[in-house]
Amino acid sequence: MDSLNQEQFRGQLATVGEKGKRNWIFPKKPKGFYHNYRRILAWLLLILFFAGPFITIGGHPLLLFNIFDREFVILGSVFWPQDTHLLIFLLLIFVIFVLLFTVVFGRVWCGWACPQTVFMEMVFRKIEYWIEGDANQQRKLAAAPWSFNKIWKKSLKQAIFLAIAFWVSHTFMAYLLGIDEMTTVIKAGPNANWSGFTGLLVFTGIFYFVFSYFREQACTVVCPYGRLQGVFLDKKSIVVIYDWLRGEPRGKMKKREPQADKGDCIDCNLCVQVCPTGIDIRNGTQMECVNCTACIDACDEVMTKIDKPKGLIRFDSEEGVEKKKKKLITPRVMAYSAVLAILVVAMGFLLVQRAPIEVTVTRTPGSIYQIKNDSIISNMYQMEMINKSFDDMNLSYKVIPKSATLFFPAGPIKVLEGQAKEDTYVFIEMTKDSFSKIDEEIVVEIYRDGKLIQKVDSRFPGPKTFNNAL
């Protein structure tokens, strides 16, 4: 790219003018091969998003992120705060996968699957094209004085944007509360649940603001992912790239003028006009590029018209342009793949070893051992039980050593319902003779339908004089 002045465009964002004011982007309506596939993928993702709260696996939610009750359901499996290590592993796996994908394919995630891009380009932007027309018509409407035509078009667009934001916020809240709880909140009305109603308004306001005004700024200013490209990308990474060797020197195509001294780029500027972040891909890989491929479709259409080969702008690497070869498997890719494989295996092992019930047995704060009839030592414990499954459990209890006994003042928890959490108090008692042999260590065993499912270690303190005397 020596023929390009690469540093010329790096001094400012494409969406910010020389005086620091925002340049409003009016991208030309995209069309072409890649856009058709993006549209299919976008509709699949949108259908999955809006249908997600209604989809169940074995009668349980597909996804639920109930941060209020600290309950998470992923693919029908429930996770509790006690499973934080599993959620951390899931997050690490996702992050490493994104890093690996970025190293190999750049920001394809951003242009094809990121919710910000999917909603902006495939929902809100489409509505804008339908109401206000293509880029030139939108630009003229924005610059025109206020009239009946402008008012009704702008009002209709904003009303639809607000309605979609309201719908999206309800769906988002359904992922947080669950569809049943969400339905109850809606039916009860604002007066019955002001906090839920306020949350809906806040979410609606945020979605509406982002997609009606903030738009591409979310990608270029807020999202840190674009800035991380400089760390993850190298000359072997596959990105949307301009073939400067073939395209330069660029110049307008004119009749009766020899083209032998010019490259294939005719400087039509369509690649810039269709870009949703307003950049010129011919300047090289840039932070603002989300790999949406709109410039590829626009350039391919032009190349077809002027009888030139497609692919002047294409998915390729810098090394691919220079040396005409692509290499996906590199030492860095192999290293990330190895880390990802280790995390996936570890996650699988933890899931297999995960017990269906979580039980903690702790001595009641502030309590001390008691001596009954001068021969029996008694300690009071608090037992917390969480059923991580969706099925009810019939439970029974034992304690080791067998000479010890369990006594539940309020009666034992015989049935623990699915996804339930219950607390109870229990006294563990044993004789002085038994106490002298256990070194204060005991084990509480929990059985489900007679089958051991959990062991909990605890301490059984007592007077040291008993041990010394014996």
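User: Which residues does Ser-169 touch, not counting residues up to four places away in sequence?

Analyst: This is a predicted model. In it, Ser-169 touches Leu-200, Phe-203, Thr-204 and Phe-207. Ser-169 itself sits in helix α6.

User: Why is Ser-169 called buried?

Analyst: The relative accessible area of Ser-169 is 0%. Buried means under 20%, so Ser-169 is buried.

User: Which residues meet where α1 and α6 come together?

Analyst: From α1 there are Leu-48, Phe-49 and Phe-50. They meet Trp-167, Val-168, Thr-171, Phe-172 and Tyr-175 of α6.

User: Why is Tyr-37 called partly exposed?

Analyst: Tyr-37, in helix α1, has a relative accessible area of 47%. Exposed requires over 50% and buried under 20%, so Tyr-37 is partly exposed. Tyr-37 also belongs to a nonpolar surface patch with Phe-33, Ile-40 and Leu-44, with about 460 Å² of accessible area together.

User: How do you know that Ile-368 is exposed?

Analyst: Its relative accessible area is 65%. The cut-off for exposed is over 50%, so Ile-368 qualifies. Ile-368 lies in the loop between β8 and β9, and touches Arg-363, Ser-378 and Asn-379, not counting residues up to four places away in sequence.

Conventions:
Residues numbered from 1 in each chain as written. Predicted model: local features only at pLDDT ≥ 70, side-chain atom pairs only at ≥ 80, totals over all residues. Heavy atoms only, no water. Patch = residues over 30% accessible without salt bridge, like charges linked within 9 Å, V, L, I, M, F, W, Y side chains within 5 Å. Areas by Shrake-Rupley, 256 points an atom, 1.4 Å probe, with all protein chains shown as cover. Salt bridge = Lys/Arg side-chain N within 4 Å of Asp/Glu carboxyl O. Helix = DSSP H or I, 4+ residues; strand = E, 2+ residues; numbered from the N terminus. Buried < 20%, exposed > 50% of the residue type's maximum accessible area, 1.4 Å probe, protein only. Contact = heavy atoms within 4.5 Å.
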